[in-house]
Amino acid sequence: MDDREKDPAVVLPYLVGRSLAATEVYEAFGYRKSAYYKAVHEGRLITADNLIKAAKYFGLNPVDLQIRFGLIEHEAVTEYVESAPDRP
């Protein structure tokens, strides 16, 4: 799924399976309201670090969020998993 053009405040409730208060979304990314919107405006919201924070906050898979928002290609993840040595 490609959500790179979508607002995380729309995508996250869908993934979590419930509506989210705006404050929950800000907190998930580690921002206050004004800082959240400033990060959105400056294009600094969608980063690996921020998506990992949000994933942990909501109990989501951080790799899935990074794929959805275009930071990692699905094929790269598949290739990595398939090339990783077997673990005991």
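Trainee: What share of the 88 residues counts as buried?
Mentor: In this predicted model, 31% of the 88 residues of the protein count as buried.

Trainee: And how many helices and strands are there?
Mentor: The secondary structure comes to six helices and zero strands. Read from the N terminus, the order of elements is α-α-α-α-α-α.

Trainee: What does the C-alpha trace span along its principal axes?
Mentor: About 45 × 25 × 20 Å.

Trainee: What about contacts between residues at least 6 apart in sequence, how many of those join residues at least 24 apart?
Mentor: Of those contacts, 46% join residues at least 24 apart.

Trainee: Switching to confidence. What is the mean pLDDT?
Mentor: The mean is 93, and 98% of the residues reach 70 or more.

Trainee: Which element has the lowest mean, and which the highest?
Mentor: Helix H6, residues 74-83, has the lowest mean pLDDT, at 89. The highest, 97, belongs to helix H4, residues 48-58.

Trainee: Where does Ser 83 sit relative to Gly 30?
Mentor: Their C-alpha atoms are separated by 34 Å, and the two residues are 53 apart along the chain.

Trainee: Now the aromatics. How many aromatic pairs does the structure hold?
Mentor: Five aromatic pairs. In one of them, Tyr 36 with Tyr 37, the ring centres are 5.2 Å apart and the planes stand at 90°, so the pair is edge-to-face.

Trainee: Why does 90° make that pair edge-to-face?
Mentor: Because planes over 60 degrees apart count as edge-to-face, and the planes of Tyr 36 and Tyr 37 are at 90°.

Trainee: Which residues form the aromatic cluster?
Mentor: Tyr 26, Phe 29, Tyr 36 and Tyr 37 form one cluster.

Trainee: Tyr 36 first, then: buried or exposed?
Mentor: Tyr 36 is buried, at 2% relative accessibility. Tyr 37 is partly exposed, with a relative accessible area of 45%.

Trainee: On to pockets. How much space lies in the largest pocket?
Mentor: About 230 Å³. Its lining is made up of 19 residues, and Tyr 36 comes up again here, listed with Asp 7, Pro 8, Val 40 and Leu 45 as lying nearest the centre.

Trainee: Which helices supply the lining?
Mentor: Helix H1 (8-16), H2 and helix H3 (33-41) each supply at least two residues. H3 gives the largest share, four residues.

Trainee: How do the lining residues divide into nonpolar, polar and charged?
Mentor: There are 13 nonpolar, one polar and five charged.

Trainee: Charged side chains, then. What about Glu 24, buried or exposed?
Mentor: Glu 24 lies in helix H2, residues 22-28. Its relative accessible area is 19%, so Glu 24 is buried, the cut-off being under 20%.

Trainee: What is Glu 24 in contact with, leaving aside neighbours within four places in sequence?
Mentor: Arg 18, Ser 19, Tyr 57 and Phe 58.

Trainee: And Arg 68, buried or exposed?
Mentor: Arg 68 is buried, with a relative accessible area of 11%. Arg 68 lies in helix H5, residues 62-68.

Trainee: Which residues is Arg 68 in contact with, on that basis?
Mentor: Leaving aside neighbours within four places in sequence, Arg 68 is in contact with Met 1, Asp 2, Asp 3, Arg 4 and Leu 15.

Methods. Residues numbered from 1 in each chain as written. Predicted model: local features only at pLDDT ≥ 70, side-chain atom pairs only at ≥ 80, totals over all residues. Heavy atoms only, no water. Phe/Tyr/Trp six-rings, centres within 6.5 Å; stacked < 30°, edge-to-face > 60°. Buried < 20%, exposed > 50% of the residue type's maximum accessible area, 1.4 Å probe, protein only. Contact = heavy atoms within 4.5 Å. 1 Å grid on protein atoms, 1.4 Å probe; cavity = no way out; pocket = protein on both sides within 12 Å on 5 of 7 lines; lining within 4 Å. Points joined across faces, edges and corners; volume = space filled by probe spheres on them. Nonpolar A, V, L, I, M, F, W, Y, C, P; charged D, E, K, R; others polar. pLDDT = per-residue confidence, 0-100.
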